[in-house]
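Subject: Structure handover

Hello,

Here is the structure we talked about. Please open it alongside this note; my findings follow below.

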Amino acid sequence: MNLILFDDDSRDRMLPLVYTRPVCELRVGILTIREKWELLLDTKASYITQDYLSKKYPIQITDRNLVINGALLPTKKLVELFSQLETNQAVIYNDELLAANLDDVQFKLLEDDLPISELSGYDISKDTSIQLVDELWKIYTLNGSEIENDFSLITKDRTTQPISHSNTIIGTGRIFLEEGAIVEGAIMNSNNGSIYIGKDAEVMEGSMIRGGFALCANSKVKMGAKVYGPTTVGPWSKIGGEVNNSVILGYSNKGHDGYMGNSVIGEWCNIGADTQTSNLKNNYTDIKLWNYQEKRFIQTGEQFCGLIMADHAKSGISIMFNTGTVVGVASNIFGTGYPRNFIPSFAWGSIKGYETYKLDKAFDTMERVMKRRGMKLNELDKEIIETIYSDSAKYRSWEK
């Protein structure tokens, strides 16, 4: 079947991280949600997403389409169930569509946001194993179990590259090094979770790592870093200092001393030296987080929640982020003190005040940063950024 991953109404709850991508492109564990489904179903996926993203993330329709909620984490049971769906059968969970096998007629109704008729199928609302990435904090709270699931999926029937005797290995858990991975003089403890080192990635000497941990392709752990799992570092990224239960989606750097815990960092971000992220309130109460869908701070029900930073955002040296801080796309935060805990996209400034990071200057910075990775900011990316710039203006109070 033709696989299509769709964004549902909960998509706005995942802003600002999904301003620049469909929900299924979020990384939870070692892989993105899309990569998990593609591997398990042995096919390539296309997308139903926001109009302004659809050129970069297009849709492919055939006469038989398996559509799956892009926030849904796969399990073996779900893969088997979805693979057996007959034409115009669906799977429902708490009155929400999880998956359906749609012919081209029914698919057209779905695409036009019209009621889908004559569907039969299954209601699995009582299934307690269902996990939807429909809140920002779920990216790091579900990261540990997803590292284990992804580790099993991508290393099955394969043998790790040799682990150098210069390392200190603690525990009997799973450790896997891909081709070209370099790990020398590190301490790796696999008692609490698996450790995965991706292709051409490097763990420098003196690093201390407790699993679960995933270091994706071409990324680096710098000398003397202290990493507590479950933590994931996406491709082409760097981490240093102290990191705990965090996810970096990719192409971002937190390369220096400073603490970051229970956080999610997008792509093309840079965390300045000695930046500190608070992830626990002094009174130990649950943390509130800005929610774009509800346009207010909501209770997370979590005692630990640090920094949520969207793509292309930057922080200067020695910034101190409060618990539950949300930073929008292409924001640039600097100065001393504690910034506000909701910073809109394209904010430039400090606690003394903000101005708008103008598009031409933002594009110039993006191009410089991406060039360092041998990549370019193309016209399609610029169109997406321009849409985000316009849409996020309503949150920049200083412009009014």
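In what order do the 6 strands of the mixed open sheet run? The order is β2-β1-β3-β5-β4-β6. Before going on: this is a predicted model.

**The mixed sheet**

β2 (45-48) and β6 (120-123) are the edge strands, each pairing on one side only. From one strand to the next, the twist averages 20°. Helix α1 packs on this sheet. The helix touches β1, β2 and β3 (65-69), and its direction makes about 160° with that of β1.

One pairing here is worth a look. Strand β4 (residues 89-93) and strand β5 (residues 96-102) run antiparallel and are joined by 5 bridges. Tyr-93 has Glu-96 of β5 as its bridge partner.

The bridge partner of Met-208 is Lys-226, in β16.

**The β26-β27 hairpin**

β26 and β27 pair in the antiparallel sense, over 4 bridges. Asn-291 stands opposite Arg-296 of β27. The hairpin has 4 residues between its strands. Lys-295 takes a positive phi there, near 55°.

**Aromatic rings**

How many aromatic pairs does a search of the whole structure find? The count is 17.

Take Tyr-19 and Tyr-292. Their ring centres are 5.8 Å apart and their planes stand at 85°, so this pair is edge-to-face. Tyr-19 sits in the loop between β1 (2-6) and α1 (33-41), while Tyr-292 sits in the loop between β26 (288-291) and β27 (296-299). The pair therefore ties together parts that are 273 residues apart in sequence. Are these residues buried or exposed? Tyr-19 is buried, at 2% relative accessibility. Tyr-292 is buried too, with a relative accessible area of 4%.

Now Phe-342 and Tyr-395. The ring centres are 5.8 Å apart and the planes are at 90°, so this pair is edge-to-face. Phe-342 is in strand β33 (residues 342-343), and Tyr-395 is in the segment after α7 (379-391). The pair links distant parts of the chain, 53 residues apart. Phe-342 counts as buried, at 6% relative accessibility. Tyr-395 is buried as well, with a relative accessible area of 13%.

Ring pairs also build a cluster. Its members are Tyr-19, Trp-290, Tyr-292, Phe-297, Phe-342 and Tyr-395.

**Charges over rings**

Lys-382 lies over the face of Phe-363, at 5.5 Å from the ring centre. Arg-396 lies over the face of Tyr-389, at 4.8 Å from the ring centre.

**Cysteines**

A disulfide needs sulfur atoms within 2.5 Å. Cys-216 is in no disulfide either; for this residue the nearest cysteine sulfur is that of Cys-269, 16 Å away. Cys-24 is buried, at 1% relative accessibility. Cys-216 is buried, with a relative accessible area of 6%.

Last, Thr-323. Where is this residue placed? Thr-323 is in the loop between β30 (320-321) and β31 (325-327). At 12% relative accessibility, Thr-323 counts as buried because the limit is under 20%. Leaving aside residues up to four places away in sequence, Thr-323 touches Ser-278, Asn-279, Leu-280, Lys-281, Ile-287, Cys-305, Gly-306 and Asn-341.

Best wishes

Technical notes. Residues numbered from 1 in each chain as written. Predicted model: local features only at pLDDT ≥ 70, side-chain atom pairs only at ≥ 80, totals over all residues. Heavy atoms only, no water. Pairing = 2+ DSSP bridges. Helix = DSSP H or I, 4+ residues; strand = E, 2+ residues; numbered from the N terminus. Buried < 20%, exposed > 50% of the residue type's maximum accessible area, 1.4 Å probe, protein only. Phe/Tyr/Trp six-rings, centres within 6.5 Å; stacked < 30°, edge-to-face > 60°. Lys NZ or Arg CZ within 6 Å of the ring centre and 35° of its normal. Axes fitted to C-alpha atoms, helices over the stretch in contact; angles between N-to-C directions. Contact = heavy atoms within 4.5 Å.
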